Amino acid sequence: MDNRIKVVLADKKRTNKWLSEQLECAPTTVSKWCTNSSQPPMETFVKIAEILEVDINELLRIEKK
């Protein structure tokens, strides 16, 4: 599973740094999520969706095999 956090941040004209401040976490953590080198826990996905005012499905991209 990959996430679309980076895409949604760009659509909302927000930065990784801004999101890290909203979540009170390290900017490097958000950077890893944006490059899909790691994924946030599901409860964090929920918080990100709320902060960015999007449906959580907009943050997730699940590949069907």
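Which residue forms a salt bridge with glutamate 21, and how far apart are the closest N and O atoms? The legends below take that up first.

This is a predicted model, so local features need pLDDT of at least 70 and side-chain atom pairs count only at pLDDT 80 or more, while totals for chains, interfaces and linings use all residues. Residues are numbered from 1 along each chain as its sequence is written, and side-chain values use heavy atoms, with hydrogens and water left out.

**View 1. Glutamate 21 forms a salt bridge with lysine 17.** The closest N and O atoms are 2.6 Å apart. The count comes to 1 salt bridge (a side-chain nitrogen of Lys or Arg within 4 Å of a carboxyl oxygen of Asp or Glu). Both partners lie in helix H2 (residues 16-23), 4 residues apart, or about one turn of the helix; helices are DSSP runs of H or I, at least four residues, numbered from the N terminus. Lysine 17 is exposed at 53% relative accessible area, and glutamate 21 is partly exposed at 45% (buried is under 20%, exposed over 50%, partly exposed in between, with a 1.4 Å probe and protein chains only).

**View 2. The charged end of arginine 14 sits over the ring of tryptophan 18.** It's 4.2 Å from the ring centre; the rule wants NZ of Lys or CZ of Arg within 6 Å of that centre and within 35 degrees of the ring normal.

**View 3. Leucine 52 and its contacts.** Skipping neighbours within four places in sequence, leucine 52 is in contact with Val8, Leu9, Lys12, Arg14, Trp18 and Leu59 (contact means heavy atoms within 4.5 Å).

How values were computed:
Helix = DSSP H or I, 4+ residues; strand = E, 2+ residues; numbered from the N terminus.
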